[in-house]
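Subject: Structure for your files

Hi,

Here is the structure I promised.

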Amino acid sequence: MVISASGRRAITKYVCRKYKPEFLRVGNQELEGSAMVDMWMEVQAHHYSPIMDAILMEVRIRPIFGQRVDESAVEGNIEKLKKVLEVYQSRLSSSRYLAGDFISLADLNHVSTMLCLGVTTYRSVLDAYPRVRAWWDGLRARPAVRKVSGLMNPSAKNF
């Protein structure tokens, strides 16, 4: 069974509601933080993920099936990704994480695709965005992310 991206987001929100509600900032005292988490999850869902999915399809999935990589599609999507990273760079100039000065599901939803990007020749794309790079380095240093990195691909740790 294949689970859609929206299905995966619903599952991660369910898990957070049940086990780690602080990653969603739920509760009446957290309305602003919760709204920021929701907003950045929407940015991730509608602007970041479609681009990353297209890049990773070309550079990670097609080669597995012996298919030719469409380099022009990759380059076009890398340019689109840079525009999204500019928005992230701006946001991260005023907060430690996307939704504020607290880690949230909005940040954690980036882990799998960032780890996959990290084992491609395009891993240096973050270097032009120092705040995005620092944000990713901070996420990557978390014990759970290091564990997932090792399970996904041992070389992903170097990104």
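Buried here means under 20% relative accessible area, exposed over 50%, and partly exposed in between (1.4 Å probe, protein chains only). This is a predicted model: local features need pLDDT of at least 70, side-chain atom pairs count only at pLDDT 80 or more, and totals for chains, interfaces and linings use all residues. Residues are numbered from 1 along each chain as its sequence is written, and side-chain values use heavy atoms, with hydrogens and water left out.

Helices are DSSP runs (H or I, at least four residues), numbered from the N terminus.

Start with α3. Its buried residues are Val74, Asn77, Ile78, Leu81, Val84, Leu85, Tyr88, Gln89 and Arg91. They sit on the same side of α3, because their arc around the axis is only 150 degrees (taken from the directions from the helix axis to the C-beta atoms). Ser72 and Lys83 are exposed, on the face turned away from that buried side. The buried residues of α3 pack against α2 (31–64) and α6 (130–140); contact means heavy atoms within 4.5 Å.

Now α6. Val132, Arg133, Trp135, Trp136 and Leu139 are buried there. These residues fall within an arc of 160 degrees, so they line one face of α6. They pack against α3, α4 (105–108), α5 (111–117) and α7 (143–152).

Which residues of α3 and α6 make the contact? From α3 come Leu85, Tyr88 and Gln89; from α6 come Pro130, Arg131, Val132 and Trp135.

Best wishes

Terms used. Helices (H or I, at least four residues) and strands (E, at least two) are DSSP runs, numbered from the N terminus.
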